[in-house]
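The following paragraphs lead the reader through a single protein chain, passing from its overall make-up to a few selected elements. Please keep the sequence and the model in view while reading.

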Amino acid sequence: MTSSASTPPLDQFALLNALPHPVVALDESGRFTFANSDAEQFFSASASHLAKRRLADFVPHDSPVLGLIEQVKSENSRISEYRVDVSSPRLGMDRLVDVYVSGLSDPPGHVLVMFQLRSMADKMDRQLTHRSAARTVTGLAAMLAHEIRNPLSGIKGAAQLLEAEASDDDRILTQLIQDESERIVKLVDRMEVFSDERPVERSAVNIHSVLEHVKTLAKSGFARDIRITEAYDPSLPSVFANRDQLVQVFINLVKNASEAVGGRPDGEIKLSTAYKPGVRLSVPGARTRMTLPLEFVVEDNGGGVPDDIRENIFDPFITTKPNGTGLGLALVAKIVRDHGGVIECDSYPGHTIFRVLMPAWTEPDAPDTDGTTPKRRRTR
C-alpha cells in the first residue's frame, strides 16, 4: 500500500519497533544492522552494542537459527520454524522461540529475523493442564471424604475399645492402628481442600509483608541454616489476593526450595518481586481479560527438578520425596488458579525458579459529582 499525497510516508523503523516481537536485520556476515526495542530486551543489549556483534556471539555455533539463515541466503526464500531452542548462557536456559527468516533484496545478502517467544503460549498450555488436574483431584477428594472418613472412624473406635483390655504388647498394635487412622484422616483433610470451590475472599495485600512473614517462619524452623536473600521492588502495588492463602503458597514454595538446597554449604534461596507489563489472559470466573503484572519469584540453587517430572510438577501425587504425598505443589497451583494467576517452573541442575504472576489490586476513585459509577484505578 502506498501513501497518498495527504498521508505522510510511514517510518519503517517505527513500524518494526511497534511489533511486540524481537526483530533484527543481519548483514552477509551475520552482524546486526538493526534491532528493534524488543530485540534489545531479548538479547539484553542495546542496539549500539548489538551493532558491534554478530548473532553467532549470542547463540551456540550449532544453533538451528544459524542454519535457517544460511538456507534463506542460499535459496533466496522465506522460512518459518517453530519451537526452536536458542538456549545459551547469553540468552538463558530453556529458551524456545518460533523463528521467521526472510531474505532482503536491498542490500543483497542481508536477512530479517523475527523471534516469537514460546514462553507465554507454553505457560498458558501448562495452566490448562493444571486446571484439568485440579478438577480431577476435586472429584477424587469429594469421593475420599465420603467413602473413607466414616470407615476410619469405626476402625479407630474399635482399636480404642480393644486397647482397654489388651496386653502391653497388643496395646502397641492398637495404638499403631489409631495413629495410622489419624494419618489417613489428615491426608483426606488435605485433599478436601481441593473440593472447596467457594469464591476466594480477596483484598489489597502487601506481598512484601507476606514474604517477610514466610521468611520469619522458615528461618525459625525448616530453613534455619539456609541463607535467604531478597530482591524486592519497593514501588510494587498491592496484590489482589487472600493473604492467608498467599502465605500457604509461599510457605510451600520456600519449604520445597529449602529441601532442594538442604545440606549444601552454599545453599541459597532468593525471594524477588517485580512489576512487568502483563499479558492479558482470559481466566475462569472473570468476565473480562485480566492483566497479571505482578511477578513473585522463589529461586534456589539446589539440584533442580528431575527431567521425568518437570512437565508434570504441578500435577497431584507427583513427588520425589520418599514420604511425600505430591499434593503440596498441586495445592499451590490451585490457589494461584483461583486467584486468576499463573505459576510456572523453570529448572535445570543447580538452578530452579518458581514464578508466580498475579493481578494487582485496584481501588475505586472518588465518586463522580454526577453520580455515575466511578472507574477503578491501579495503585502503585
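This is a predicted model: local features need pLDDT of at least 70, side-chain atom pairs count only at pLDDT 80 or more; totals for chains, interfaces and linings use all residues.

The chain has 380 residues, of which 39% are buried. Its accessible surface comes to about 21400 Å², and carbon and sulfur atoms account for 53% of that area. Among contacts between residues at least 6 apart in sequence, 60% join residues at least 24 apart.

Which residues of H7 are buried? They are Ile-207, His-208, Val-210, Leu-211, Val-214, Lys-215 and Ala-218. Seen down the axis of H7, these buried residues fall within an arc of 155 degrees, so they line one face of the helix. The elements against which they pack include strand S6 (203–205), strand S7 (227–231) and strand S8 (239–241). Helix H8 (243–261), strand S9 (268–275) and strand S12 (294–300) are also packed against by the buried residues of H7.

Attention now turns to strand S13 and its partner. S13 pairs with strand S14 (residues 351–358) in the antiparallel sense, over 7 bridges. Within this pairing, Cys-345 has Phe-354 in S14 as its bridge partner. The two strands, S13 and S14, form a hairpin with 2 residues between them. In the turn, Gly-350 has a positive phi of about 90 degrees.

Positive phi values also occur in residues other than glycine. Ser-44 has a phi near 55 degrees and is found in the loop between helix H2 (37–43) and helix H3 (47–50). Is Ser-44 buried or exposed? Ser-44 is exposed, with a relative accessible area of 64%. For Asn-76, phi is near 50 degrees, again a positive value in a residue other than glycine. Asn-76 lies in the loop between helix H4 (64–75) and strand S3 (78–85). With a relative accessibility of 69%, Asn-76 counts as exposed, because the cut-off for exposed is over 50%.

Notes. Residues are numbered from 1 along each chain as its sequence is written. Side-chain values use heavy atoms; hydrogens and water are left out. Buried means under 20% relative accessible area, exposed over 50%, partly exposed in between (1.4 Å probe, protein chains only). Helices (H or I, at least four residues) and strands (E, at least two) are DSSP runs, numbered from the N terminus. The arc is that of the directions from the helix axis to the C-beta atoms. Contact means heavy atoms within 4.5 Å. Accessible areas come from the Shrake-Rupley method with a 1.4 Å probe; for residues, only the protein chains shown count as cover. Two strands pair if DSSP finds at least two bridges between them.
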